[in-house]
Amino acid sequence: MDDQTINEMVIKCPVCSIEGVAKSIMKEIEIPHFGKVMETTIKCPSCGFKHSDIITLEQNDPAKYILEINKNNLSIRVVRSQSATVIIPEIGIKVEPGPKSEGYVTNVEGVLTRFESAVKKALNLFEDDESQKNGLDVLNHIKELKDGNENATLIMLDPFGQSNIVSDNVEILEIPEDELRELKTGFSYIEDT
Ligand SMILES: [Zn+2]
């Protein structure tokens, strides 16, 4: 993956409003067998705010991407746009797009790491026994997946076709009308089953 910074500027932080400290960095990322992606990251060292978005330069049809997560697929490139829903049904994880959701370019292992930190955050917020038990259970499964000891399914649904899983092993399906209508653009959360 080749990164090239094409623009960097100092901005007013959208969260703490401090002037002259926060940075907006625009990068062009070339992804083999896919194309170019623009990534914009805003970082504020003053309040710790960090947010990234990606824009893919090609527009595809709405699509559902299905990939088996196994030890051979951990390094497969994943492009997740802000509008994509990401699901691992076997471990009860579903992340839906929302105002705070981020676009990112990573690999399957990186997606798992993101879920891991989201679950850890949730564990700090929800202290009841049930949530703790579920959370720890999910973390366990994520660890086993990252270590290549378990298999599961990674499903990504993007109503705007801006996302992608770059692999010959990926199954790409159309999103049926009724499922397309159900897709959230609201807030994001981690759902326990
Ligand atoms: Zn700030």
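Which strand holds Thr-41? Let's start from the whole chain and work our way there, keeping in mind that this is a predicted model.

The secondary structure comprises three helices and twelve strands. Along the principal axes, the C-alpha atoms occupy a box of roughly 45 × 40 × 35 Å.

Next, consider what is covered and what is open. Of the 193 residues, 43% count as buried. The accessible surface amounts to about 10,800 Å², and carbon and sulfur atoms contribute 48% of that area. As for charge, the protein carries 20 positive and 34 negative side chains, with the centres of the two sets 6 Å apart.

Now back to the opening question. Thr-41 sits in strand 3, which runs over residues 35-43. Is this residue buried or exposed? Its relative accessible area is 10%, and because the cut-off for burial is under 20%, Thr-41 counts as buried. Which residues does Thr-41 touch, leaving aside those up to four places away in sequence? Its contacts are Lys-23, Ser-24 and Ile-25, together with Lys-50, His-51 and Ser-52. With the structure open, you can pick out Thr-41 in strand 3 and then find each of these contact residues in turn.

Definitions and conventions:
Residues are numbered from 1 along each chain as its sequence is written. This is a predicted model: local features need pLDDT of at least 70, side-chain atom pairs count only at pLDDT 80 or more; totals for chains, interfaces and linings use all residues. Side-chain values use heavy atoms; hydrogens and water are left out. Helices (H or I, at least four residues) and strands (E, at least two) are DSSP runs, numbered from the N terminus. Buried means under 20% relative accessible area, exposed over 50%, partly exposed in between (1.4 Å probe, protein chains only). Accessible areas come from the Shrake-Rupley method with a 1.4 Å probe; for residues, only the protein chains shown count as cover. Lys and Arg count as positive and Asp and Glu as negative; His and the chain ends are not counted. The place of a charge is taken as NZ of Lys, CZ of Arg, CG of Asp or CD of Glu. Contact means heavy atoms within 4.5 Å.
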